[in-house]
Amino acid sequence: MPLSSYLGDTRSGGEWAQSLLPSSSDTAKSTPKAHSTRKSRKRTALISFLFTNFLTVALSLSFMFFLLTLLFGIPKPISSHFKARSMTRRLKTRKPVIRKHPILNPNQNGAAVDITTKELYDKIEFLDKPGGAWTQGWKVSYKGDEWDSEKLKVFVVPHSHNDPGWKFTVEEYYERQSRIILDTIVDTLSKDNRRKFIWEEMSFLERWWRDASVDKRESFTNLVKNGQLEIVGGGWVMNDEANSHYFAIIEQITEGNMWLNDTVGFVPKNSWAIDPFGYSPTMAYLLRRMGFENMLIQRTHYELKKELAWNKNLEYIWRQSWDAEETTDIFVHMMPFYSYDIPHTCGPEPAICCQFDFARTRGHGFFYELCPWGKHPVETNQENVQERALKLLDQYRKKSTLYRTNTLLVPLGDDFRYVSIDEAEAQFRNYQMIFDYINSSPSLNAEAKFGTLDDYFQTLRDEADRINYSLPREIGSGQIGGFPSLSGDFFTYADRQQYYWSGYYVSRPFFKAVDRVLEQTLRAAEMFMAFLLGHCQRAQCEKLPMGYAYKFTAARRNLALFQHHDGVTGTAKDHVVLDYGNRMHTSLQDLQIFMSKAIEVLLGIRQEKSDQTPAQFDPEQLRSKYDALPVHRAISAPKGTAQSVVFFNPLEQTREEVVMVVVNRPDITVLDSNWTCVQSQVSPELQHDKSKVFTGRHRVHWKASVPAMGLQAYYIANGFVGCEKAKPAKLKFFSKLSSIQCLAPYACSKVEGDVVEIVNRHQTLTFDVKHGLLHRVTHKNGSQNVVAEELGLYSSSGGAYLFLPDGDAQPIIQSGGHLVISEGPLMQEVYSYPKTSWEKTPISHYTRIYNGGNTIQEFLIEKEYHVELLGKDFNDRELIVRYKTDTDNKRIFYSDLNGFQMSRRETYDKIPLQGNYYPMSSLAFMQGSNGQRFSVHSRQAVGAASLQEGWLEIMLDRRLVRDDGRGLGQGVMDNRVMNVVFHILMESNISSTSNPVSNPLPLSPSLLSHCVSAHLNYPLHAFIAKKPQEISVQTLSRSFSPLATPLPCDLHVVSFKVPQLSKYSQQQLGDPRFVLTLHRRNWDSSYCQKARSQCISVADEPVNLFNMFKGLAVLNARATSLNLLHEDTEMLGYTEQVGDVAQDGRVIIPPMEIQAYKLELRPHQ
């Protein structure tokens, strides 16, 4: 339909006033089958035994119980924190299927499931057939006898969706609406214990809690305890699932869950995600490992919803694609209709459902949009209650035919609803009258009441335990019977017609990059904090870390806030983006100042340090404001002095890497911490300026070695006798725009010919001189690959959410422009400032390769794009880079989900170009039939596609004038100058590998690819001494090497931290105050372990936590959930621990798994 037909101004409230839809006759729910034994493959032996020996077993148990009663008296009931039935945990459904650990390899079959999202895409025709009242479905009907043997049980779940930033900032929303909504909930629920409500976002609840009176807080807690109010999800926000990295997702859920547990004493077990724009299996995995039991999702492609609904598969068990053991299973409820608003939640006919949104009643002054279908809600009374109740029950019955059970969920809410007592009373009062009528009419075979999400899931599980809903030959799950199992993800989301939400993968890319910088800075600062406190035994040395405790909390919460599905997505109004940006910028500065001070303590420069003492070091990169690119600080050591540079390596393995700092003068020398000469190279610093390519400053490169999770100092010296100075790079120029003047002390020449090459030990890169673009890569064995780089622009009519291209992207690079080639012993670079049809080109770019034996960098190609998509010339344009290779990938590629796992992507002709774009958090690769791989690693979230054979296309930035009709009310015009960095890797297999065409499962990266990703996403942190020191006064060697030995190179430290800094000193001696979270990466063994000499081992053998650190004893280690709130590992789905962790410290982590351990640290005596 035309955009103008989209009614309403919120994403949830938009609707069509007239309905369109496919018809079908046989849509009625079949009568539930008689109860029969489920999952006989796992239970037959036990059942046979019990039946055979029933009398013996029964008598034995009775006699044992009688003896226990005589000895101990009648046992008391087992109590939990919450007595309400709805809040008790159902552990019986959570037992994992115990089998051997899977050995993951490229030929593994992976999970056995009933449904994959790939199969759904293959099957669905995507014809968008009109369906009548349910526009995207069909005319739903029922026979009427479906509820004769099992009555319909309806749970109406009141809710209010509160965005922590969208059209207003989080604080503006709190003051205008969320504060009042929470007050309203407490007041109205306290009047009648039949009333229920659910709440999701802890960012608002924590803010309200600070303002609330003691009585209000107590009332809130009591409502939670008695089951009237359930906290669902309980994360700081309802996070995005396309752009967010798994580190940040864990952080944001943990921050919210821990605050909730500490404050209210409640731990959520049901997740509620009604507004993220597509869903990732990573989220399902993380929630499962946090002790969650059930999930609810809403925004999936309307054609997938229809297909799942047709086959009664909207409720399923979500299983990870690699999981052959059913340890990752989690139950999912997918909402069936267009939106989560009231017109689209009671049943398939929105014109009728809208009549039961009593906040839209005329004359009540609630200020909500009237029903666009012309029929409006009316107050329920004794005269009309029968007609009203039967009309609503008809919708409930029709909706229930889309699901297998006779337990029905009906959400009752919308964005920022229940904002006044009158509004809440209107909903509760009218619905209660309707419920009373339904419940007092036995002939209706229905029961309706207000409920929480937990009420619904508990009742559904009870019904599924009593009645077998499994289909013949259905694999299902051993954890809950009667439902299919599914693997895959739900991208890219389309809400109607050909409106695909792939634009937000790239909207506001500058802040997507800042998000990842804050993540890796927080992770590094948390490590510093853990080491400071681990080595500290006196109150004096706690001053610095404890002085920053509140800033760490603020940093976690500012990072968490940005994970909101209108934050990292880039889909908020300009002033809200500014608020997010300033929060992240403030936290970045706080963390960097803390790290600058902590370095002095860890290196032994000062034994103790206060948070008030000025730091002796500065971060090597400086950000002047929230939306400015970082600038390298220039080192200017006077004659006879040396300036120290300290590097922190946040990775788990020793790092050999070519590093770079900027200096004001080129005649310097690099020395290590023992004052030994280090080979170095100097080259001019370049900039995005047609008339002035050189800044006048210089870049010094050298190969550094930094211990795992440790610190290493180097010196930049001026006038050090006995060492060779940094070797100047040789420069070559090509320019048709203006002349480039040679810069001292460099030797310069002009480029001759149409091509230019840069070479290292492993590859030769060939460039087209006139266009300045990469053309070909030749490997050291002589084989060649076409890698034709292309920069282009789409014309587009989309907005912040939607990518709506008008045809294909058009190349923008013309013949001519600047080309500067720098050739040195450690780094070689081609810089291109291309000619375009605009006076100031929107992009310039660097291509670099490195030398430096035994470094990861030798194998990769570094691409850095400087993007300035500014001004009206680029309105309604979207900038892409396209790598046209000779890889015969059949338009199949693999993109990562949240930096955690890969997903197989296939380009379909039956969906439009924008629907073939997918999220790429950090990696995408293509694989040819010969096993040749072409991988692109990113340090920020982007969108990617493979629209033609051998092409990998990545979007860099987008500038759009229009609002795209999804509620934001503006375009995306606040573009910032930014740099996008990719690391390209080309690999050949060394053994037979899986065929991407025939294998529907995702392939895994190689070990080298994982290492490249880790180096890019967790870069070295560099700090420069504020003052130079005299060369004549040579200080002792300075380094900090905390690990006893580097960890296996497929084992990643997700975090090492003190999670509750504010309570650190109050916790009892011996309590584990530190947390170590480990992720074992799965890698494709058919590719060479080119991590080379850097890779000492892989994690096939147990890792001993007790022996992990030098100088620190690990005590009281125990496994915990990823949100740190559960220690029952069986309930979390983990299959086993090797030995008793608390006794011997040995843990083994299967590939793909993330495991967290609570520890206590003490310095060795």
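**Questions about a predicted model**

User: Is Asn-162 buried or exposed?
Analyst: This is a predicted model, and in it Asn-162 has 0% relative accessibility. The cut-off for buried is under 20%. Since 0% falls under that limit, Asn-162 is buried.

User: Which side chain is joined to Asn-162 by a polar contact of 2.6 Å?
Analyst: Start with where the residue is: Asn-162 lies in the loop between strand S2 (152-161) and helix H4 (170-190). Its side chain has a polar contact of 3.0 Å with that of Ser-160. The 2.6 Å contact goes to the side chain of Ser-178.

User: Leaving aside neighbours within four places in sequence, what is Asn-162 in contact with?
Analyst: Ser-178 turns up here as well as in the polar contact. With the neighbours within four places set aside, the list for Asn-162 reads Ser-178, Ile-181, Trp-199, Glu-201, Phe-204 and Phe-416.

User: At what angle do the axes of helix H7 and helix H16 cross?
Analyst: H7 covers residues 246-263 and H16 covers 549-562, and their axes come within 9 Å. H7 passes H16 in a left-handed crossing. The angle between the axes is roughly 115°.

User: How many residues of the contact of H7 with H16 are charged?
Analyst: On the H7 side the contact has Phe-247, Ala-248, Glu-251, Gln-252, Glu-255 and Trp-259, and these meet Thr-553, Arg-556, Arg-557, Leu-559 and Ala-560 of H16. Five of the contact residues are nonpolar and two are polar, while the charged ones number four.

User: How many residues apart in sequence are Val-1054 and Phe-247?
Analyst: Val-1054 sits in strand S49 (residues 1051-1057) and is buried, at 3% relative accessible area. Its contacts beyond four places in sequence include Tyr-246, Phe-247 and Ile-250, along with Arg-523 and Ile-1154. C-alpha to C-alpha, Val-1054 and Phe-247 are 6.8 Å apart in space, yet their separation in sequence is 807 residues.

Terms used
Residues are numbered from 1 along each chain as its sequence is written. This is a predicted model: local features need pLDDT of at least 70, side-chain atom pairs count only at pLDDT 80 or more; totals for chains, interfaces and linings use all residues. Side-chain values use heavy atoms; hydrogens and water are left out. Axes are lines fitted to C-alpha atoms, for helices over the stretch in contact, and angles run from 0 to 180 degrees between N-to-C directions. Helices (H or I, at least four residues) and strands (E, at least two) are DSSP runs, numbered from the N terminus. A crossing is left-handed if the near helix is turned anticlockwise from the far one by less than a right angle, and right-handed if clockwise. Contact means heavy atoms within 4.5 Å. Ala, Val, Leu, Ile, Met, Phe, Trp, Tyr, Cys and Pro count as nonpolar, Asp, Glu, Lys and Arg as charged, and the others, Gly among them, as polar. Buried means under 20% relative accessible area, exposed over 50%, partly exposed in between (1.4 Å probe, protein chains only). A polar contact is a pair of N or O atoms within 3.5 Å; within protein, one must be able to donate a hydrogen and the other to accept it, and residues adjacent in sequence count only if both atoms are side-chain atoms.
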